[in-house]
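I wanted to go through this model at the level of single residues and jot down what turned up. Here is what I had open while I did it.

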Amino acid sequence: MDGYSELTLAAQMLPPPPGSFIDREELIQHVGEFGISQGYVVTIKQSKKDKVVILGCDRGGVYRNRRKPVDEASGERARKRKAGSRLTNCPFELVGKKDDGLWVLSIKNGSHNHEALKDITEHPSARRFTEKEVLLIKEMTEAGLKPRQILKRLRQSNPELLSTPKHVYNVKAKLRQGNLTVKRFKSLRPPEGNSNSSTTTEPSWRRRYPPRVPNLIGGRFVDSQSPTSIDVINPATQQVVSQVPLTTNEEFRAAVFAAKRAFSSWRITPVTTRQRIMFKLQELIRRDIDKIAQNITTEQGKTLKDAFSDVLRGLEVVEHACGMATLQMGEFVSNVSNGIDSYSIREPIGICAGICPFNFPAMVPLWMFPIAVTCGNTFILKPSEKDPGPCMILAELAMEAGLPNGVLNIVHGTYDIVNAICDDEDIKAVSFVGPDTAGSYIHARASANGKRVQSNIGAKNHAIIMPDACMGATLDALVAAGFGAAGQRCTALSTVVFVGGSKSWEAKLVERAKALKVNAGTEPDADLGPVISKQAKERICRLIQLGIESGARPVLDGRQIVVPKYELGNFIGPTILCDVTDNMECYKEEIIGPVLLCMQADSLEEAISIVNRNKYGNGASIFTSSGAAARKFQTAIEAGQVGINVPVPAPLPFFSFTGSKASFAGDLNFYGKAGLHFYTQIKTVTQQWRDFRSSDEVSPTLPPNDCPSSDSVSAALQSRDFQSNGVSLALPSRDFQSSDDASLALQLKDFQSNGGDSLAFQSNDFPNSEGMSPRMPTSDGSQWTQIA
């Protein structure tokens, strides 16, 4: 990986990300396609088919030296080299070695000694024929057609074909001599259409079992070289779904390089073009929503219904990003001063990064990168190591929608990769959603390195139930918001405060909670799926037990539930603890599970006080039939998102997700206007366009009221005093006025130049405090004159 340390932006050509491949052909294809995307063409320099292949660039800075030396004494003229002669000896070099059954790619030298191809059509490889075209050439040659006729017919099916009759002659000659077979003829031009790939061209990370999740670097999904990986486990069955590698530092740097390189062109891409990609992305997400939801259920455990909601809530943000041209509009004020306009514009900030939680593996990534990239930024995304699959599917769809290489990159890992994101100086902003311990750490570390940070962290959402609330609707809302997605969401309703007591509510609340079916998320009748891991289950059970030991009354305990056919699953049934107080550990900590805590208050004021004393401020709701009570709650409650007869007050994307207090760290929230402002920086422009006339009589003038000073001094340039070949410039005495009524004049009669011009300071214009004024006559220099 030493090549990355030598890489500079001037070269504008990245080496391909390293990785492991099933066979030699896949490695060569990976390197070749990546090289073309970067503006260079890779060739095979050396090869031992079953052991090693050395790849290099076919351009460089040293000519082939095939000419005979010229004897100057003989007078022999040197043959002039053709302008199209190829260059060789570019230092770029990659090595692929077979190791333990896999081909491992490494970078020996990642630098080039030539400029990148601005257009790949400049390279001869673009003129090569595809295998299908070679077959047609062979058939048409046997039919007696001439090269120009063959080329004409080929262009009917492929108008963009760049080959010339000379190339047809070469193919015919090689076919005739037996030096070219269709089987081994390969073109560097990308194949047309969406042909189904065979298993030989399928990437290695898809062919492994369990599959190993790849990195996405510079537009390529590549297997990591890291020897360490984490198992992604189905929480309902404990089966290993896939493996997540711990991205190496070199691969992370490669992702940053790719994002940095892509930013220079992506930031100036018209916003309408970026919007079109978002329109296409939302179309593709709708097309593949079943696939994404199924993957969420397999890796995260939530029911298919909750998985669909996960995708749909994220999709709303993509749809919001489709209107970025309007959202990103600046402000304009015309004629703020004479002939001067001022306006503000919003510009992208650079490379942004997102660190995602396990509980919403599709929605949270869609909170982040669609807004960021549509604003003109590039993005590095780190999915949760517990369920990375939905992120990878979304990335594939983004590439299919037309997102350019390097605009979106994906890396994997835990602490090390998070620290790398926080510390990298090229990353300008970090978005995070997750537990408060990690969120506070990321906010502190990234902010210390000068980055913008938005961090949605812990939550303890409360609902106040007034005695006049509609019982049926309120109970349905409490059960859905408290136990939906197994309580594993930051908007889960975890605490209920009953004004006037909870006794009359408990029996019906328990009845509705017991009616929920706990099962694997793939089962059609499931209402509640498993929690994410065994460790999460143990933590939830521990907090329930601590609550009971502290005096909480369990009216429903779901810790011992067993699900038929899924006995190994991480299942916890709905649990309700009553008589909870604010000094209990189960109340102080965010449980992140299907546990509902019930508290009591004598009045609305006491209930509001209980909610406000809690350190978190993500959301709070009230259920009541009284408008006065609702209005009082809305005004007095200290939470960022307020619901009135709404259990989960998460706003739609045209508003922002406005958690507050200890539930949010940063200055600007997710999506909405705040999200747009987070991913952009404002620039204010002040411009002046005047009619500066150029003629023999030049008169640039600054009016007295345009340049005021603290002493009310004003300036003017007039044309009648300084004569030079018909052009004059003057500072008349009436225009430079001080607070002491002193003025300055330049007149023609005192200083005569060879051209008849003159310059003078008159003595009666600048008196000093002693009555002296300076005079500079033309004959004998300066003198001081006493003023009477």
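The entries below go topic by topic.

**Ground rules.** I'm working from a predicted model, where local features need pLDDT of at least 70, side-chain atom pairs count only at pLDDT 80 or more, and totals for chains, interfaces and linings use all residues. Residues are numbered from 1 along each chain as its sequence is written, and side-chain values use heavy atoms, with hydrogens and water left out.

**Aromatic pairs.** I looked up ring pairs first. Rings of Phe, Tyr and Trp (its six-membered ring) pair if their centres lie within 6.5 Å; planes under 30 degrees apart count as stacked, over 60 as edge-to-face and the rest as tilted. By that rule I have nine aromatic pairs. One of them is Phe332 with Tyr343, which is stacked, at 5.9 Å centre to centre and 20° between the planes. Phe332 sits in strand β12 (residues 331-337) and Tyr343 in strand β13 (residues 340-348), so this pair ties together parts eleven residues apart in sequence. For the element names, helices (H or I, at least four residues) and strands (E, at least two) are DSSP runs, numbered from the N terminus.

For Phe678 and Tyr679 I get centres 5.0 Å apart and planes at 80°, so that pair is edge-to-face. I use buried for under 20% relative accessible area, exposed for over 50% and partly exposed in between (1.4 Å probe, protein chains only). Phe678 and Tyr679 are both buried, while Tyr343 is partly exposed at a relative accessible area of 25%. I also noted a cluster in which ring pairs link Trp367, Phe657, Phe670 and Tyr671.

**A lysine over a ring.** A charge sits over a ring if NZ of Lys or CZ of Arg is within 6 Å of the ring centre and within 35 degrees of the ring normal. The charged end of Lys302 sits over the ring of Phe360, 4.1 Å from its centre.

Two strands pair if DSSP finds at least two bridges between them. β12 and β13 run antiparallel and are joined by four bridges. Glu331 has Ser344 in β13 as its bridge partner. Two residues separate the strands of this hairpin, and Gly339 in the turn has a positive phi of about 75°.

**Helix α17.** Which way does α17 face its buried residues? I started with its length: α17 (residues 503-514) has twelve residues and reaches 17 Å from its first C-alpha to its last, close to the 16 Å expected at 1.5 Å a residue. (The expected span is 1.5 Å times one less than the number of residues.) Trp505, Glu506, Leu509, Val510 and Ala513 are buried in α17. Seen down the axis, the buried residues of α17 fall within an arc of 125°, so they line one face of the helix; the arc is that of the directions from the helix axis to the C-beta atoms. The face of α17 turned away from that side carries the exposed residues Ser504, Ala507 and Glu511. Among the elements covering the buried residues of α17 are α16 (471-483), β19 (461-465) and β20 (493-499).

**Helix α16.** α16 has 13 residues and reaches 18 Å from its first C-alpha to its last, close to the 18 Å expected. Its buried residues include Leu475, Leu478, Val479 and Phe483. The cover over the buried residues of α16 includes α17 and β25 (619-623).

**Positive phi.** Just after α16, Ala485 takes a positive phi of about 55°. Ala486 also has a positive phi, near 55°; Ala486 is in the loop between α16 and β20 and is buried at 2% relative accessible area. Lys565 has a positive phi of about 75° although it is not a glycine. Lys565 lies in the loop between β21 and β22 and is exposed at 64%.

Val411 lies in the loop between β16 (408-410) and α14 (415-423) and is buried at 0% relative accessibility. Val411 and Phe252 are 159 residues apart in sequence but 6.7 Å apart in space, C-alpha to C-alpha. Contact means heavy atoms within 4.5 Å; Val411 touches residues including Asn215, Phe252, Ile380 and Ile417.

Notes. Lists of a residue's contacts leave out its neighbours within four places in sequence.
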